[in-house]
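Welcome, and thanks for opening the viewer alongside this text. Keep the selection tool at hand, and we will walk through a few stops together.

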Amino acid sequence: MKKFCLAGNPNCGKTTLFNGLTGSTAHVGNWPGVTVDKKEGFYKKLDEQIEIVDLPGIYSLSPYTPEEVIARNYILDEKPDCVINIIDATNIERNLYLTTQILEIDVPVIIALNFIDSVEKQGDKIYEKELEKKLGVPVVKISALKDVGLDELMQRAYEISKVKRVGKTVISDEEIKHLIGDVKIALEGQGVENPLFHAIKLVENDEIEVKMHPHTLKMVEGFKKVFKDDIFGTEYDALIADARYKYVTKNLISTVVYKNPDKFRSTSSTKVDRLLTHRIWGIPIFLVVLFSIFHITFSENFLFLGSIFNLPTLEDLGLLTNGEYNNFGVKLLSCFYNGAVFSPGCALNNLWNEIIVGEIFGFIQGLIEGSNLKSWAVGLINNGILDGVSSVLSFLPWILVLFLQFSILEDSGYMARIAFILDKMFRKFGLSGRAFLPMIMGFGCSIPAIINTRTLADEKENTATIRVIPFFSCGAKLPILTAITGAIVTHFGVGNADVITFSMYLLGVLTAIASVLLMRSTSLKGETPPFIMELPTYRLPQFKSTMLHLWDKAKHFISKAFTIILASSIVVWTLSHFNFSFKFLNEEQINDSILANFGRLFQPLFTPLGFGSQLGDFGWVFIVGIVTGLIAKENVIATFSTVGACLIGLGGFEFGALDIFAEDGIGAVSAMIMVTNVTIPALLAYIVFNMTTIPCVAAVATAKAELGDKKVFSNTIIFWIIVSYIVSTMVYTIGTWWWTLFIWLAVIILVVLLLIFYNKKVIILKG
Amino acid sequence: MIEIFIGIGCFAFVVIVTVISIIKRKKGKCCNGDCSNCSSCNLKK
């Protein structure tokens, strides 16, 4: 099977092309450095199947960054049948610098001029035939986003992959050419593959080559002594880089005709940037954008229309009889409106739960209850299996609506701007703006976010970022946030769901900032590396790729609900219905179960956080939720639902008025509130604890792999436990006794003073 | 009889999910994370 690889500058659309060719849904984002390792897929439209490998974005084949080493090693060692060099056609001059290096390798090369639609829209023109003639390799115009030219690209790549190609250099300076030629002959004599490429790199004093060919290096050094350039002296890498750029400017740029040749022309991107990256308004605009996302997703009072116009409820309109909807139409209407207009996210979630999940699961549960099965089997299926799964599924629309908006922001190029705006602020805390990008990815899933920290140059900055990524609440934590927030709003009638959720997210971000500040001034002290990143142009997100991304997210969430969550729910139900003598317990006896005893054992530890011993008989469910959440965070609410369903079946609690259904996560939390009398501050502390404590097992495994060092990893686990404990205690105590705010402020000031004193002492000792 | 079948089925399901998760992890294929993003994950190597 033939193997083609995709190589090009960061953010030139390699992964979009990879997805287009292979039908994959790999993560794409409109900023440089989304892909940090190679990805593989298959193209099946030719006579034979082609393996496509997507390499990380690189600016050169010199080993300046780990991504460049990965890409270089792949092209040299794996010997692909063809290198597809993707070029951002809107920025052809800089992209061709890498091309000049790839052309030096003995491999068939084809150039894909991507974003050709944007070039044509600007009125510019690229003469690809002329470029083809000058470079000596095929050039094809494509638009990976719009699926234009991909088949032609693959067809031509397939044709040239059958013919052997010998590397060529564009360096024309006679003396350097002579030097390279001599080194090349020496390497050929040693049987080295790709002699031209290695010879040039050796002349450049390339770190890898110097180690690979120490004997040849002596010969090169000898020649260099007699050769000295007037401008660059002995800086051969600069000399060769200059020769490449000169070639590109002199020979290749003439193939592009700009409608407006002014290099600093004001594009629509720069006009938008004047506002969005404004040094004063940039951050407030970002906060407004972020709040709008949460408002669109969670608000039950969209655009505050209900409050502004004092709108009547469905009951006021006489559409309810004895608390029941008059007909299906009213039920449908209640998903969108009830005294206020629901936000799109809320309306979709209501529709999903009332019409789909509620009806389907309710119907199945009714059938099970009506069957002749023994009561334990009915309990296992209805409470253990169906309630556990449906409580997690009930949050699917919210998750999708939230991620749709984040995905649009990522694809548009706005997130990369935010990294720049935040760089100045982040620098004060000891991080560069680059660290913001993996953090933002953490809102989706901690795993790719942790992997993306590889793009950070400094090891200590990398460790600090990995440690705080779980504080950026991921999709799996969303059910915890929304179920508890929803229960607070419906049960206590306090606040707005969107405001509370947004505040919790912000608290996570603030915890991350404070933690970084603390780490970077103590154990992970170090210089903050400079932040240099190419600002991507604004692009309109493509409907197809966004929908594919969402579909992938939904598929993953559903499959997780029916595997790990389902298995965990079965275990939770079983352990909550058996005692240590393996005797089956009915719903009245679950306080004597194995799970209850296990939870109660750890309850005192959580008393300062508000959800420990003070919660009495059923408080152990909160502790069990934390433990099951370590497998997958969705398990927290699935556990509440599995046990909550049993509680609803118990006598002595008045649930009817609240219209509680255990299959709805909010209902399950409401049931727990009623039986434990847990307070609002304790519930908020519970959210914060789950948000900031040890993440799920998959994220922990990724962090372990990325951190490498065992000691650093174990310190990271301790760090997560301590931070979550302190912040949750803070939330609970301040929420319960407002005056403790002053005590916490005093503690924070004391810590800051100690840090200043500690740092000064270190400087004096070093001085 | 059917209750025994349900019990055994649930037990088998839990065992299978656990074993598959462990095998996938040992093989280096990440199953718990976001798979679309994890195609570049080093757990897959």
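Begin by selecting residues 459-468 of chain A, which make up helix α22. This helix is mostly covered, with 8 of its 10 residues buried. Bear in mind as you look around that this is a predicted model.

Now colour the buried residues of α22(A): Glu461(A), Asn462(A), Thr463(A), Ala464(A), Thr465(A), Ile466(A), Arg467(A) and Val468(A). Which helices do they pack against? Show α20 (436-441), α21 (446-452), α24 (497-521), α31 (697-707) and α32 (710-736) of chain A, and you have the packing partners in view.

Next, move to a loop. Select Asn579(A), found between α25 (543-575) and α26 (594-602) of chain A. Is this residue buried or exposed? Its relative accessibility is 16%, so Asn579(A) counts as buried. Follow its side chain to the backbone nitrogen of Ser581(A), 2.9 Å away. Setting aside neighbours within four places in sequence, you will also find Asn579(A) in contact with Leu585(A), Asp592(A), Ser593(A) and Ile594(A).

For the last stop, select strand β2 (residues 39-43) of chain A. Its covered face carries Lys39(A), Gly41(A) and Tyr43(A), while Glu40(A) and Phe42(A) are on the uncovered one. Glu40(A), for instance, has Val53(A) as its bridge partner. Together, β2(A) and β3(A) form a hairpin, with 6 residues between them.

How values were computed: Residues are numbered from 1 along each chain as its sequence is written. Chains are lettered from A and ligands numbered from 1 in the order in which they are written. This is a predicted model: local features need pLDDT of at least 70, side-chain atom pairs count only at pLDDT 80 or more; totals for chains, interfaces and linings use all residues. Side-chain values use heavy atoms; hydrogens and water are left out. Helices (H or I, at least four residues) and strands (E, at least two) are DSSP runs, numbered from the N terminus. Buried means under 20% relative accessible area, exposed over 50%, partly exposed in between (1.4 Å probe, protein chains only). A polar contact is a pair of N or O atoms within 3.5 Å; within protein, one must be able to donate a hydrogen and the other to accept it, and residues adjacent in sequence count only if both atoms are side-chain atoms. Contact means heavy atoms within 4.5 Å. Two strands pair if DSSP finds at least two bridges between them.
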